[in-house]
Amino acid sequence: KWAMITKDNGEVSAVIVSAGSGRRMGGVSKPEIIIRGKTLLARVLEVFSAMPEITRIIVVCSGDNRARLESAAAQAGIAAEFVRGGETRADSVYAGVCAAGDGLVCVHDCARPFIRQDDIRLLIAAAKRSGASSACRQVTDTVKYFPQSGTPETPDRSRLAAVQTPQCFFKADYLKARTLCGGEGFTDETALLEKAGYRVEYVRCGAENIKLTQESDIPLAEFIAEKYGY
């Protein structure tokens, strides 16, 4: 294994992953879900587009929702580039990273509409310092690990974290890691980078950085938006 931190050229591209089928959301395109008058995509784009650190925004969409997402961004007056995603999340991230600038890339799931600018800045700083970074949160549930055989194990939850987005890394390093390890079989970009020998710094972000996965998550998102003024 080996690792190399690419020299920072000041570019920071945001890649917003918005190409999922929404199967667990009842077939609804998640970027188009409306929470208190705003779609998830609009919420995410507003956060990133207001940051002077972000030099480009790439939205990875599907063939089904591209025209609607492009129209929504244009109506909101937000400049973004749109690329078509792939069959898997890994393929969609790859398409977005390839369209990004040559510097730092900040990948974020559109299904996490409450990311804070301060947390993004912490993640960018961590990536520039360490080579890569990821948002995370402390695990509060007791977790069981079930091996293929034998007795279930109970890891120490104080040493466990749930990985989130944004995840930040240098484009060239990600492409090298993908070449070295292949693109599939990894649940997120940090797993790929770590497999290739890169160091990832984990940053705890706000508790409201939830991911909308199924219909039952929508009332919680509406509560967060109202409670915290999003």
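Within helix α4, Arg-121 and Asp-118 stand 3 residues apart, so about one helical turn separates them; helices here are DSSP runs of H or I with at least four residues, strands are runs of E with at least two, and both are numbered from the N terminus. The model is predicted, so local features need pLDDT of at least 70 and side-chain atom pairs count only at pLDDT 80 or more, while totals for chains, interfaces and linings use all residues. Residues are numbered from 1 along each chain as its sequence is written, and side-chain values use heavy atoms, with hydrogens and water left out.

Arg-121 and Asp-118 form a salt bridge, their closest N and O atoms being 3.7 Å apart; the term denotes a side-chain nitrogen of Lys or Arg within 4 Å of a carboxyl oxygen of Asp or Glu. Asp-118 is exposed at 53% relative accessible area, whereas Arg-121 is partly exposed at 30% (buried means under 20%, exposed over 50%, partly exposed in between, with a 1.4 Å probe and protein chains only).

The structure holds 15 salt bridges. One of them joins Arg-89 to Asp-109, with the closest N and O atoms 3.0 Å apart. Arg-89 lies in helix α3 and Asp-109 in strand β6, so this pair ties together parts 20 residues apart in sequence. Asp-109 is buried, at 8% relative accessibility, while Arg-89 is partly exposed at 27%.

Another salt bridge pairs Arg-116 with Glu-208, the closest N and O atoms being 3.6 Å apart. These residues lie in two loops, 92 residues apart, and link distant parts of the chain.
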